[in-house]
Amino acid sequence: MAISQVSNTAEDAVSKKLTQEQKVVLSSTTLGFTLDHMDATFLSFALAPMIAELHISGAQGGIIAAMSNWGALLGSVLFGILADRIGRVRVLSYTIMLVTFATVILAFLDNAYTIYGSRFLLGMGTGGEYGVSMALIAESFKANRVGRVSSITAIGGQVGAILAAILATLIMPSFGWRGLFMIGFLPLIVVYIVRRHLKETPAFEQLQADYKSGKKKFSFKFIANTPKRAYTSLVLIIMLTIQTSGYYGLMNWLPTIMRKQLGITSTVTAGYVNLGMIPIIMGMAIGMLTFGTILDKIGPRQAFAIFLVASALMIYAFTFAYNMWTLTILGAVVGFFSNGMYGGFGAVISRLYPSEIRATAANTLMGSGRAIGAFSSVVIGWIMDNYSVGAVMMSLAAMYVVSLLFMLTIPDFKKLGTSSYQH
């Protein structure tokens with residue numbers, strides 16, 4: 001019943017009175033998230049055999065997982081500025097091509113240091129794609145639909161994670177982890193669609209006209225040009241850091257955590273733990289759509305408060321799961337709340353910052369949060385080596401409480417309504 005209701009909500013959010021341009025924007029950004037996130041999530045399933053084959057430590061494995069988030073900071077700023085200056089559509093295709101290259105080349109690497117480099121490039125691409133997609137959505141849909149639409153696009157990432165789990169199960173037993181990365185060329189399909197069908201939004205075209213006439217000018221300082229906006233940017237970075245710590249930390253290490261909880265070895269994961277991730281990822285997707293709907297209905301302050309409190313409680317409860325059923329059910333609930341907020345950040349940022357830095361702000365804030373939060377993968381690897389799964393989950397739960405306390409201090413969250421936008 002709940003899944004049916006979510007499906008109906010998704011249909012309502014995207015099917016009523018959509019223009020052809022809106023359909024192309026939604027399909028292009030969603031498919032881009034799907035295939036790029038599939039490529040990025042391959043590491044979750046390849047990490048354990050990669051560590052075993054290359055004889056690297058848990059901490060080094062954490063660095064491999066973290067490098068994409070560190071690369072995202074550079075890619076976010078670079079591609080965000082380019083998107084605000086030369087066009088969202090052109091830059092979107094650049095980021096997807098970079099992700100494709102970085103994924104496929106990883107299949108041919110044989111040491112931790114070259115793998116670091118490939119993951120850094122992948123992070124540049126995925127980091128740049130986020131803000132470009134959010135800017136396209138913000139400029140193509142009404143304010144009271146942006147939360148749902150951006151969440152639907154973010155759900156594409158979870159579909160990509162499910163595809164990664166299925167492909168890992170099918171490919172890795174016969175072709176190993178290298179064979180998995182060999183199919184990373186699939187996002188090139190999106191490049192074709194983007195270049196053939198997607199056009200710049202009227203809002204961006206107007207922005208270019210304003211640049212030429214001198215009415216507006218691009219300035220990176222607009223992200224923090226007043227004390228209130230500087231504080232808002234800082235708090236959003238803190239929240240995104242914690243979001244990244246939970247999202248990528250869990251996604252990169254959850255198969256390993258599940259193996260430890262179940263007491264099984266890495267050699268039996270292909271059909272058991274990998275497929276067990278699918279309900280968890282589905283929980284994330286349903287959570288994203290639910291959060292987007294709540295965000296549009298009651299505003300960001302209440303929506304984030306509900307999900308942050310529930311995230312802390314559910315992650316702590318995950319510590320007590322010791323069989324496949326409880327791990328899967330609780331994992332799905334954890335994913336629903338902790339990762340449901342992911343798409344909402346883009347919707348909120350698009351309302352808080354003016355059009356001339358919309359992509360730059362989304363990318364810079366998200367990239368900063370990802371770069372700092374990426375250390376969670378290293379820290380989780382270290383905790384797993386020296387302590388326990390319980391210590392990992394309690395640390396993550398505490399961070400969501402910290403995020404809640406900071407979120408409540410953002411001044412604009414109190415008055416940000418469902419139709420409030422910067423222009």
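This is a predicted model: local features need pLDDT of at least 70, side-chain atom pairs count only at pLDDT 80 or more; totals for chains, interfaces and linings use all residues.
Is Tyr113 buried or exposed?

Start with the overall picture. The chain has 17 helices and 0 strands. Of its 423 residues, 62% are buried. If you take the contacts between residues at least 6 apart in sequence, 85% of them join residues at least 24 apart. The accessible surface comes to about 16,000 Å², and carbon and sulfur atoms account for 67% of that.

Now look inside. The largest nonpolar core holds 118 residues, and the members that touch the most others are Met50, Leu236, Phe304 and Tyr353. Helix H6 (residues 143–182) supplies the largest share of this core, with 16 residues.

Along the way H3 has a kink of about 35°, centred on Ala66. Just past the end of H3 you'll find Gly87, which takes a positive phi of about 130°.

Next, the aromatic rings. The whole structure contains 12 aromatic pairs. One of them is Tyr113 with Tyr116: the ring centres are 5.6 Å apart and the planes sit at 80°, over the 60 degrees needed, so this pair counts as edge-to-face. Both tyrosines belong to helix H5 (residues 112–138), where they are 3 residues apart, about one turn of the helix. And here's the answer to the opening question: Tyr113 has a relative accessible area of 62%, so it is exposed, because the cut-off for exposed is over 50%. Tyr116, at 11%, is buried, since buried means under 20%.

For another kind of geometry, turn to Phe307 and Phe336. Their ring centres are 5.8 Å apart, but the planes are at 20°, so the pair is stacked. Phe307 comes from helix H11 (residues 300–318) and Phe336 from helix H12 (residues 324–338), so the pair ties together parts that are 29 residues apart in sequence.

You've met Phe304 already, as one of the residues touching the most other members of the largest nonpolar core.

Conventions
Residues are numbered from 1 along each chain as its sequence is written. Side-chain values use heavy atoms; hydrogens and water are left out. The bend at a residue is the angle between axes fitted to the seven residues ending there and the seven starting there. Helices (H or I, at least four residues) and strands (E, at least two) are DSSP runs, numbered from the N terminus. Buried means under 20% relative accessible area, exposed over 50%, partly exposed in between (1.4 Å probe, protein chains only). Contact means heavy atoms within 4.5 Å. Accessible areas come from the Shrake-Rupley method with a 1.4 Å probe; for residues, only the protein chains shown count as cover. A nonpolar core is a set of buried Ala, Val, Leu, Ile, Met, Phe, Trp, Tyr and Cys residues joined through side-chain atoms within 4.5 Å. Rings of Phe, Tyr and Trp (its six-membered ring) pair if their centres lie within 6.5 Å; planes under 30 degrees apart count as stacked, over 60 as edge-to-face and the rest as tilted.
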